[in-house]
2 protein chains.
Amino acid sequence: LTTPAYDALAAAHLQQHRFEHVLNMLHWDQAVNMPAAGSEARAAALTELEAHLHRLRTDPPRSSQLSAALTEPLDDEQAANLREMRRIRQLATALPEALVARRSLASSRCEHAWRTQRPANDWAGFLPNFEEVLEIAREEAQRLADIGGVSPYDAMLDLYEPGMRTADVRQVFEPLRAWLPGLIREVVERQSQEPTIAPRGPFPVSAQRRLCERVMALLGFDFSAGRLDVSTHPFTGGSPEDVRLTTRFDEDDFLSSLMGTVHEAGHGRYEQNLPRHWLGQPVAAARSMAIHESQSLAFEMQLGGHPGFAARLAPLLAEAFGPQEAFEPGNLHRLMTRVRPSLIRVEADEVTYPAHVILRFEIERALIEGEAKAADVPELWNLGMRDLLGLDTRGNYRDGPMQDVHWPSGLFGYFPCYSLGAMYAAQWFAALRHAQPDLDEKLAKGDFSTVFQWMDDKIWSQGSRWTTRELALRASGEVLNPAHFEAHLRQRYLPALR
Amino acid sequence: LTTPAYDALAAAHLQQHRFEHVLNMLHWDQAVNMPAAGSEARAAALTELEAHLHRLRTDPPRSSQLSAALTEPLDDEQAANLREMRRIRQLATALPEALVARRSLASSRCEHAWRTQRPANDWAGFLPNFEEVLEIAREEAQRLADIGGVSPYDAMLDLYEPGMRTADVRQVFEPLRAWLPGLIREVVERQSQEPTIAPRGPFPVSAQRRLCERVMALLGFDFSAGRLDVSTHPFTGGSPEDVRLTTRFDEDDFLSSLMGTVHEAGHGRYEQNLPRHWLGQPVAAARSMAIHESQSLAFEMQLGGHPGFAARLAPLLAEAFGPQEAFEPGNLHRLMTRVRPSLIRVEADEVTYPAHVILRFEIERALIEGEAKAADVPELWNLGMRDLLGLDTRGNYRDGPMQDVHWPSGLFGYFPCYSLGAMYAAQWFAALRHAQPDLDEKLAKGDFSTVFQWMDDKIWSQGSRWTTRELALRASGEVLNPAHFEAHLRQRYLPALR
């Protein structure tokens with residue numbers, strides 16, 4: 001049995017994977033190392049690389065190979081790989097190379113300027129760059145919409161979570177929007193009666209860094225195939241063979257960098273444990289961004305918010321910073337599950353977090369669908385923050401619509417993945433608890449291996465073998481079911497008083 | 001007047017420059033950041049990139065464009081640019097893409113293994129990898145020799161110093177080999193009567209790093225367009241717009257990392273001050289590696305070994321490490337000009353340094369010309385070190401033939417550039433002293449601006465506008481004249497006793 005068309009496609013995807021390695025490393029370097037004056041040269045180099053990758057993805061012979069491979073005797077994994085190859089091809093051919101190059105240049109420039117405009121609260125300086133990025137994103141969305149037969153924002157959602165539509169997101173977010181503000185008030189009220197002892201800083205950066213690396217090791221991160229560095233906006237970059245996590249340090253607050261690192265470690269372990277025998281093929285890539293966020297949030301929220309994690313952490317904190325009353329496990333757990341409406345998404349607790357995501361989903365949908373302009377964003381932001389979290393953000397662009405790197409980088413359609421990920425994470429833990437009734441006892445003893453084993457079996461090792469829907473079904477016996485998320489929040493934050 | 005062929009070539013070279021930026025950054029990352037397990041993926045990505053650059057450089061339409069451009073109305077700078085374009089094309093087309101890919105893979109693998117084999121003194125483990133790298137280098141040399149009508153080693157020399165031949169190097173090195181051992185003995189004898197006070201360590205890495213960055217700033221390095229990091233083998237990487245220097249720290253010895261940094265800062269300022277209006281074109285690149293080393297050695301040896309530099313440094317050392325008797329400027333200068341035969345090239349003083357280079361030149365010439373085998377290297381090394389420096393290196397591969405990154409990376413023909421660079425540096429300072437008779441007074445006051453101004457006017461701003469020969473003539477009124485180097489050594493190390 002020979003599969004010449006499939007083999008040619010597989011060779012081409014391996015080559016693409018190598019150029020993606022290059023692109024990912026340069027993006028990481030841009031955020032972590034690059035001095036300011038290197039920006040223009042980097043933007044030009046990245047644009048050249050993106051254009052080259054686009055040419056590889058749209059190379060004309062692929063078209064007939066993709067058709068021919070459909071009739072070749074492929075096994076199930078090869079067939080799954082071919083499905084992903086077809087998707088990559090379809091998305092790539094929807095965009096002309098000139099648009100890809102314009103997008104790369106505009107987003108590099110906008111993001112670079114944003115790095116100084118954000119601390120300066122300079123919305124007026126940011127707006128023209130942002131308008132250009134948005135205009136390009138709208139054109140991209142329209143072209144993808146045309147070939148996909150969906151609306152422009154649906155087409156953008158589909159880039160990050162294949163198959164997910166605006167209607168699906170609304171079906172999940174609308175009930176959430178209804179019960180979340182009430183739940184937040186109830187939890188805040190309940191917690192106001194629980195005293196906590198605040199840790200006393202400063203917490204030296206070098207000690208925080210060592211602590212983060214210890215916790216990453218505890219979470220199974222492989223340092224022979226990855227690193228931890230510092231960037232303005234924490235992220236997971238690199239390639240599966242060399243995973244680059246970032247965090248940022250604040251000498252007054254170690255929990256923020258630590259829990260950010262735990263979040264990225266979830267992404268990192270997913271990448272490090274993708275199936276190696278298919279490395280370089282689309283079927284070996286992470287399933288989708290909602291599934292990716294289900295890993296980061298399984299680590300940060302499900303595991304990180306568990307009393308067993310606080311107990312395991314307590315002695316490490318005493319070693320890192322010297323003993324403090326605040327590090328007592330019960331107090332530490334209360335600190336780590338503190339709910340408080342706040343301005344900054346990445347520092348939000350898991351109860352208020354969905355409010356930040358709903359706000360961004362509503363605004364970016366309107367922007368991409370042409371129902372709102374870039375200049376409208378601050379007002380929409382302020383209205384949304386008032387309704388959802390009762391906060392006033394007027395004039396505070398820095399901690400308002402300029403806080404995230406996504407829009408300046410041209411990423412529209414990504415935000416819903418965070419809350420879908422939180423929901424999947426709750427669903428994974430519900431399934432895991434069902435399969436392993438002693439899970440909480442193990443976690444209480446600081447033994448997290450059951451979690452890692454389950455994630456590896458059900459998620460990491462599966463790569464893109466299945467659609468998200470199939471993956472969820474195989475892992476947990478059901479497709480996305482947001483009831484687990486609500487149950488998790490009520491169980492953790494509003495347990496029946498004993 | 002239109003120059004369509006030239007314009008097409010210029011656009012193509014700008015594109016190549018962007019891919020070179022990418023390649024340089026990935027090489028830097030490989031040496032500075034990459035975790036061990038990332039090695040294979042990186043080697044594959046670099047090989048893919050090198051093959052792509054090779055395809056760009058050998059793109060068939062260039063051939064007729066290069067001929068057509070010769071008849072176009074070019075100005076002098078365009079004509080110089082075209083000369084460099086023709087050279088790049090000729091070197092690229094001499095090698096088939098498969099050889100470029102094999103070379104990239106073999107050198108990545110050999111260098112990666114060498115990083116652990118060197119500390120383990122594992123010559124036997126290193127040899128098979130090295131044999132493969134050498135075999136590929138010989139094939140490369142033979143192919144370049146065939147098109148250039150020169151010998152294989154001549155062809156390799158020409159890669160780094162265009163126009164330089166083995167006979168030219170011998171003409172310079174043979175007299176040096178004759179007078180150097182005697183001079184070394186005389187200087188060591190003279191210095192044995194000069195007491196020095198040794199600095200007392202340890203010198204914390206963080207303080208050393210701050211000191212290095214202060215000294216780089218003092219030397220005019222632009223930190224908005226570059227960085228200092230740590231790697232096993234110090235080097236200058238990156239691109240002219242974003243220059244990445246590296247050093248390595250030893251808590252017992254701050255002078256080694258500091259003077260290594262001063263060396264790299266010379267390379268760095270050359271790169272940062274190449275002509276910007278031609279950026280991305282071959283005419284804007286550094287002239288050659290001997291000229292590059294003339295900058296690093298002008299900084300490290302000519303300037304760094306000057307009493308005025310020691311005097312400027314003394315208060316910075318006291319600030320970095322606390323006051324010590326050893327930091328008294330006279331003592332510091334004696335420490336910084338200490339001559340002592342030693343095993344390690346990169347730590348050698350400027351008097352014994354040429355012995356290290358002569359040794360490598362003789363061995364690598366024999367290797368490339370097929371007069372010696374890879375397995376012969378330790379014996380040749382030992383004989384050479386005994387004759388040149390009176391040192392026994394038997395069984396010590398680590399501090400013998402395995403000490404440098406060059407051969408494991410497939411770089412043969414580079415080493416002579418260090419000593420040619422030292423000679424040019426002496427020649428530049430002789431010309432500068434002639435033009436500015438108060439130079440030493442200025443340096444004594446810690447004012448180095450005259451040096452930077454001269455280098456910028458004569459070398460940095462000239463890029464590849466002239467051949468090395470023309471550049472030397474324009475800068476100093478004569479072509480390479482090794483008498484300046486000998487005079488410099490005798491004047492600094494054996495002055496008439498007062």
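Here are legends for a set of close-up views of this predicted model.

A few ground rules apply to every view: residues are numbered from 1 along each chain as its sequence is written, while chains are lettered from A and ligands numbered from 1 in the order in which they are written. Since the model is predicted, local features need pLDDT of at least 70, side-chain atom pairs count only at pLDDT 80 or more, and totals for chains, interfaces and linings use all residues, with side-chain values based on heavy atoms, leaving out hydrogens and water.

**View 1. Chain A as a whole.**
Chain A has 20 helices and three strands (DSSP runs numbered from the N terminus: H or I with at least four residues for helices, E with at least two for strands). Its radius of gyration is 22 Å, close to the 23 Å that the globule rule gives for 498 residues, so chain A is as compact as a globular protein of that length. Here the radius is taken over C-alpha atoms, and the rule is 2.2 Å times the number of residues to the power 0.38. Along the principal axes, the C-alpha atoms of chain A fill a box of roughly 65 × 55 × 45 Å. Of the 498 residues in chain A, 58% are buried; buried means under 20% relative accessible area, exposed over 50%, and partly exposed in between (1.4 Å probe, protein chains only). Take the contacts in chain A between residues at least 6 apart in sequence: 74% of them join residues at least 24 apart, a contact being heavy atoms within 4.5 Å.

**View 2. The surface and charges of chain A.**
Chain A shows about 19,400 Å² of accessible surface, and 51% of that belongs to carbon and sulfur atoms. These areas come from the Shrake-Rupley method with a 1.4 Å probe, and for residues only the protein chains shown count as cover. As for charge, chain A carries 52 positive and 67 negative ones, and their mean positions are 1 Å apart. Lys and Arg count as positive and Asp and Glu as negative, with His and the chain ends not counted; each charge is placed at NZ of Lys, CZ of Arg, CG of Asp or CD of Glu.

Helix α7(A) covers residues 152-160, and eight of its nine residues are buried, so the rest of the structure largely encloses it. Among the buried ones are Tyr153(A), Asp154(A), Met156(A), Leu157(A) and Tyr160(A).

**View 3. Pro152(A) in helix α7.**
Pro152(A) belongs to helix α7 of chain A and is buried, with a relative accessible area of 14%. Not counting residues up to four places away in sequence, Pro152(A) touches Ala141(A), Gln142(A), Ala145(A), Ile368(A) and Glu369(A). His406(A) is 254 residues from Pro152(A) in sequence, with 18 Å between their C-alpha atoms.

**View 4. Helix α5 of chain B.**
Buried residues in α5(B) include Leu99(B), Val100(B), Cys110(B), Glu111(B) and Trp114(B). Their cover includes α1 (4-32), α2 (39-57) and α6 (123-148) of chain B.

A cis peptide bond runs from Gly201(A) to Pro202(A), with omega near 0°. In chain B, Gly201(B) and Pro202(B) are also joined by a cis bond, with omega about -5°, and Pro202(B) sits in the loop between α8 (166-191) and α9 (205-218). Then there is Asn121(A), which is not a glycine but has a positive phi of about 60°; this residue is partly exposed, at 23% relative accessible area. Asn121(B) likewise has a positive phi of about 60° and is partly exposed, at 22%.

Gln208(B), in helix α9, is buried with a relative accessible area of 1%. Its contacts beyond four places in sequence include Phe203(B), Phe249(B), Asp250(B) and Phe321(B). Ser239(B), in strand β2 (residues 236-239), is buried at 3% and touches His21(B) and Met25(B), leaving out residues up to four places away in sequence.
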